[in-house]
Amino acid sequence: MSSRQPIWSVAVPSPLRRRFDYLLPDDFTAVPRPGQRVEVPFGGRQLVGVLLQSLNKGSATPHNKLKSMVRVLDEEALLGGTLFRLLEWSSRYYHHPIGEVFSVALPTLLRKGGDLAYRGQRCWQLSDAALEVDPEQLKRAPKQRQLLSLLIEHRVLSDRQLNQHAKGWQAAMRLLREKGLVVIEQQPEIGQVAAEEVKELNSEQSIAVNDVVSGLSAFHPFLLNGVTGSGKTEVYLSIAEKVIEQGRQVLILVPEIGLTPQLVTRFQQRFAVPIALMHSGLSDQERLDSWMIARDGRAPLVIGTRSAVFAQMKNLGLIIVDEEHDGSLKQQDGFRYSARDVAVMRARLEKVAIVLGSATPSLETLYNVAQGRYRELKLTQRAGGAKPPKIEALDVRGQYMEHGISNALITRMRQHLGKSGQVLLFLNRRGYSPTLLCHDCGWSAECQRCDSHMVLHQREQRLRCHHCGKDERMVRVCPQCKSEQLRSIGQGTERIEEALQHHFPEYSIVRIDRDSTRRKGSLQAMIDGVHEGKHQILLGTQMLAKGHHFPNVTLVGILDAEQGLFSADYRAVERMAQQILQVAGRAGRAQRPGTVIIQTHHPEHPMLRELLEQGYTKFSSALMRERKETEMPPFTALALLRAESTDQALPQCFLSEVYQLAAAHQLPDVLLLGPVPSPMERRAGRYRAQLLIQTPQRGALHRLLERLLPQLEKSKLGRKVRWSLDIDPIEMY
Ligand code: ADP
Ligand code: ZN
Ligand code: ZN
């Protein structure tokens with residue numbers, strides 16, 4: 001082993017919160033750069049890490065213990081500049097191992113040590129020879145003529161786009177190719193500008209666009225606070241256009257792409273440019289392709305879910321975070337980061353503007369507006385003349401309810417359907433019923449691995465646990481007393497569907513939830529069916545609530561909104577309000593006005609009344625006051641330590657030790673709450689407990705964790721449990 005080779009610290013994907021030092025390979029003579037990938041020996045294996053920093057002054061590791069890297073994988077830095085600093089910041093802020101943080105920024109194939117091999121889409125375009133050809137010459141070959149015209153119109157078309165435009169195009173295209181009229185190239189798919197004209201912005205939209213555009217050259221955070229259907233997407237498109245004109249790139253983060261395909265489509269129809277899509281529905285190669293065209297700047301638009309916030313981009317000019325309040329922007333396991341919060345830091349480091357858009361902004365963001373840190377842009381009217389929906393609470397106390405739907409709601413549905421409106425019912429629980437109960441002895445079907453009931457899936461005759469995935473045959477007799485009097489208690493979407501089929505045999509019902517959309521493409525087919533008017537009644541979980549634009553829905557019924565009113569989670573009321581308004585936002589988005597009916601047993605509940613009578617702005621101010629009084633975020637910072645084990649006592653023992661260690665640091669203003677068993681203590685066979693750290697001083701929180709975490713990594717008890725740290729937790733279990 002050569003001792004003259006320089007030493008570098010490396011981000012190695014390992015759960016340990018530290019950097020690892022290595023010698024450059026003996027045969028390596030080039031100048032290495034931070035951000036290059038290297039292969040290193042690690043615990044008997046070889047892992048792919050990223051170079052962090054050269055250590056001229058030497059390493060804390062004794063020289064004879066230092067190992068050499070196996071090889072340097074890249075000739076240039078893959079993660080560089082501001083992104084590199086963002087990753088370091090994220091590791092510090094979330095107190096998460098730097099190796100795992102850096103690996104989130106790399107697509108899987110690169111994480112595994114693969115090459116920068118771009119594959120692209122097979123795209124068709126006209127050859128030079130084709131320019132001489134008059135499509136009329138192909139009169140007797142109509143399919144070929146159609147393809148030729150399509151290619152003249154769109155210039156480049158991918159296989160996928162051809163499938164949309166010209167079913168059964170392959171044979172004719174082969175003939176065109178044999179004639180030398182078309183050529184194939186592997187390249188990024190290019191959006192196709194729709195014939196539909198660009199909308200003229202209303203005055204609120206114009207103000208919003210102008211404000212952001214004039215703030216593009218520096219770090220300027222904006223909240224685009226616009227009611228559902230107010231034309232936020234239209235505003236994003238106009239701002240993005242300006243940024244693209246300047247030759248810069250736009251990063252757009254969305255909560256879940258599968259649920260918001262319309263946003264992607266609208267960008268594709270507005271800009272004839274390559275779009276780098278980044279989400280979990282892509283193959284590894286597709287992800288690598290997207291990553292590469294984002295990095296080399298070929299894609300002016302990068303649209304993705306959470307981890308796209310770490311996409312390397314050549315020339316970032318603007319960040320947009322759509323539905324900034326949405327919980328799925330927060331990663332809930334492993335490296336628990338908030339893509340929204342990281343995006344704001346990225347905009348700050350890159351010195352660009354960031355637009356956080358929502359109809360129901362989070363209290364964190366509203367707080368930043370109130371503090372003067374973010375500038376608020378308001379869209380108060382629905383665009384294109386649509387009226388805001390009328391929202392009513394329907395008091396169902398003492399009412400006859402069959403399968404969870406009141407007669408009053410059935411009557412209202414009939415009225416809307418009779419006038420050829422579509423009706424949407426929302427229930428955020430899939431399956432048939434959440435409980436199967438023995439009427440004779442009181443036995444109920446419970447998961448043996450969780451503190452939770454098994455959900456009955458009647459059609460498939462299964463009992464399933466929605467927490468751990470346990471899946472069993474449905475029982476027909478009570479395992480305890482052998483009675484056959486088993487009852488299904490409560491309702492899920494499957495049961496509501498059955499009830500609706502009984503009430504409305506003359507209408508077509510479509511159920512949209514995770515069960516009914518398991519097959520690839522089925523969600524899109526259902527949504528298309530709704531748009532084509534094939535289905536009159538839509539029933540679904542939150543999958544239906546987000547982003548969709550159903551112009552013909554005139555009535556929305558919310559069946560179980562009030563669960564949030566009684567949850568132990570301090571965020572539940574905020575989430576409930578956001579969900580109600582998101583679902584309500586599906587109603588009356590076009591010419592016909594919409595009505596929203598919320599079935600409730602608590603029409604007098606002050607929070608519900610505030611929301612329905614005063615609207616979200618007043619409601620959120622009331623909630624803000626409550627958070628201030630209870631000293632909860634955004635007025636305090638939280639960190640949640642969770643621990644779990646198959647042994648019931650261990651998690652709490654470990655967290656008690658954490659408590660003692662933390663208390664010994666005697667930091668003022670830091671409150672330690674717990675340890676307590678988690679709200680659902682047993683899950684997937686493991687017992688769980690938690691300790692909450694709360695403080696009005698974020699700095700104190702970080703100081704404490706910096707001292708505490710090295711102690712916890714050494715703890716013997718800590719090795720016997722699985723523990724994790726969640727900074728700014730949004731779920732309190
Ligand atoms: P949001 O993103 O706030 O829900 P969208 O951008 O989807 O709103 O707009 C809602 C509907 O209004 C869409 O059909 C859109 O095409 C239309 N729209 C938006 N802005 C305008 C405008 N300035 N003039 C006419 N129609 C508009
Ligand atoms: Zn029984
Ligand atoms: Zn379970």
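1. Start with the shell around ligand 1: eight of its residues are polar, six are charged and three are nonpolar. Keep in mind that this is a predicted model. The shell counts 17 residues, and the closest are Glu200, Gln205, Lys232, Thr233 and Arg266. Helix 8 (residues 232–245) supplies the largest share, three residues.

2. The side chain of arginine 266 puts an N or O atom 2.7 Å from an oxygen atom of ligand 1. On its own ligand 1 has 550 Å² of accessible area, and the protein covers 81% of that.

3. On to the aromatics, with 15 pairs in the whole structure. Take tryptophan 124 and tryptophan 169: the ring centres are 5.8 Å apart and the planes make 75°, so this pair is edge-to-face. Tryptophan 124 belongs to strand 7 (residues 121–126) and tryptophan 169 to the loop between helix 5 and helix 6, so the pair ties together parts 45 residues apart in sequence. Tryptophan 124 is buried at 4% relative accessibility, and tryptophan 169 is buried at 2%.

4. Tyrosine 367 and phenylalanine 635 are also worth a look: with centres 5.0 Å apart and planes at 70°, they are edge-to-face. Tyrosine 367 is in helix 12 and phenylalanine 635 in the loop between helix 18 and strand 30, 268 residues apart. Phenylalanine 635 is partly exposed, at 22%.

5. Two more spots to check. Trp89, Tyr93, Tyr94, Phe310, Phe335 and Tyr337 make up one aromatic cluster. Arginine 298 lies over the face of tyrosine 118, 4.6 Å from the ring centre.

How values were computed:
Residues are numbered from 1 along each chain as its sequence is written. Chains are lettered from A and ligands numbered from 1 in the order in which they are written. This is a predicted model: local features need pLDDT of at least 70, side-chain atom pairs count only at pLDDT 80 or more; totals for chains, interfaces and linings use all residues. Side-chain values use heavy atoms; hydrogens and water are left out. A residue is near a molecule or strand if one of its heavy atoms lies within 4 Å of it. A polar contact is a pair of N or O atoms within 3.5 Å; within protein, one must be able to donate a hydrogen and the other to accept it, and residues adjacent in sequence count only if both atoms are side-chain atoms. Accessible areas come from the Shrake-Rupley method with a 1.4 Å probe; for residues, only the protein chains shown count as cover. Helices (H or I, at least four residues) and strands (E, at least two) are DSSP runs, numbered from the N terminus. Ala, Val, Leu, Ile, Met, Phe, Trp, Tyr, Cys and Pro count as nonpolar, Asp, Glu, Lys and Arg as charged, and the others, Gly among them, as polar. Rings of Phe, Tyr and Trp (its six-membered ring) pair if their centres lie within 6.5 Å; planes under 30 degrees apart count as stacked, over 60 as edge-to-face and the rest as tilted. Buried means under 20% relative accessible area, exposed over 50%, partly exposed in between (1.4 Å probe, protein chains only). A charge sits over a ring if NZ of Lys or CZ of Arg is within 6 Å of the ring centre and within 35 degrees of the ring normal.
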